[in-house]
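Please look over the sequence and the model shown below, and keep both in view while you read. The paragraphs that follow move from single residues to the whole chain and back again.

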Amino acid sequence: EVQLQASGGGLVQPGGSLRLSCAASGFTSDEYVISWFRQAPGKEREGVSCISNNDSRTKYQDSVKGRFTASRDNTKNTVYLQMNSLKPEDTAVYYCAISWLPRAWSTCRTTGASYEYWGQGTQVTVSS
């Protein structure tokens, strides 16, 4: 059974930092992408970042480039999202999800329609 567990969210002041983790298990495929999506109240879900396990190729939403960094630990099937210089508009529930190549890249910065398995999400709140 494929499972993903997101963690690391919390309350932080503007300009602060958080590190999210997503641990995946229950699969043996070699080529996959684990991506972060977020959804704020009243807004559509949007892609945040994507990273592949085979070559660490990454993609980012324009609004987080230069502030967020995705990384991976393939030994643990874990993906991290380091979030710096957080802004109030980053407030959302953050979800991690997995999809397999080659389809994974097509929706990792949009709605994630091609992603098959999702974690429960972790709340990130940026507020004074």
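Predicted model: local features only at pLDDT ≥ 70, side-chain atom pairs only at ≥ 80, totals over all residues.

Leu 11 counts as exposed because its relative accessibility is 66%, where exposed means over 50% relative accessible area, buried means under 20%, and partly exposed covers what lies in between, with a 1.4 Å probe and protein chains only. Leu 11 belongs to strand E2, which covers residues 10-12; strands (E, at least two residues) and helices (H or I, at least four) are DSSP runs, numbered from the N terminus. Leaving aside neighbours within four places in sequence, Leu 11 is in contact with Thr 125 and Ser 127, contact being defined as heavy atoms within 4.5 Å. Between the C-alpha atoms of Leu 11 and Tyr 60, which are 49 residues apart along the chain, the separation is 23 Å.

Residues are numbered from 1 along each chain as its sequence is written, and side-chain values use heavy atoms, with hydrogens and water left out.

Now consider the chain as a whole. The protein has eleven strands and zero helices, and its C-alpha atoms fill a box of roughly 45 × 25 × 25 Å along the principal axes. The radius of gyration of the protein is 14 Å, which agrees with the value near 14 Å for a compact globule of 128 residues; this radius is taken over C-alpha atoms, and the globule rule is 2.2 Å times the number of residues to the power 0.38. Of the 128 residues, 45% count as buried. Among the contacts in the protein with a separation of 6 or more, 59% come from residues 24 or more positions apart. The protein exposes about 6,500 Å², of which carbon and sulfur atoms supply 43%, the areas coming from the Shrake-Rupley method with a 1.4 Å probe, where for residues only the protein chains shown count as cover.

The charged side chains come next. Side chains of opposite charge can pair when their charged atoms come close. Here a salt bridge is a side-chain nitrogen of Lys or Arg within 4 Å of a carboxyl oxygen of Asp or Glu, and a search of the whole structure finds five of them. In one of these, Asp 62 pairs with Lys 65, the closest N and O atoms being 3.1 Å apart; Asp 62 is exposed because its relative accessibility is 57%, whereas Lys 65, with a relative accessible area of 47%, is partly exposed. Another salt bridge joins Lys 76 to Asp 73, with 3.4 Å between the closest N and O atoms, and Lys 76 counts as exposed at 52% relative accessibility.

Which parts of the chain does the salt bridge between Arg 67 and Asp 90 tie together? The side chains of Arg 67 and Asp 90 meet at 2.8 Å, N to O. Arg 67 lies in the loop between E6 and strand E7 (68-73) and Asp 90 in the loop between strand E8 (78-83) and strand E9 (92-100), so the pair ties together parts that are 23 residues apart in sequence. Arg 67 is buried, with a relative accessible area of 10%, and Asp 90 is buried too, at 1% relative accessibility. Arg 67 and Asp 90 are also linked with Arg 38 and Glu 46 in a network of salt bridges.

Lys 59 is buried yet has no salt bridge, and the nearest side chain of opposite charge, Asp 55, is 11 Å away. Not counting residues up to four places away in sequence, Lys 59 touches Val 48, Ser 49, Cys 50, Trp 105, Cys 108 and Arg 109.

Asn 54 lies in the loop between strand E5 (46-52) and E6 and is partly exposed, with a relative accessible area of 39%. Leaving out residues up to four places away in sequence, Asn 54 touches Glu 31, Arg 72 and Leu 101.

Terms used:
Lys, Arg positive; Asp, Glu negative; His and termini not counted.
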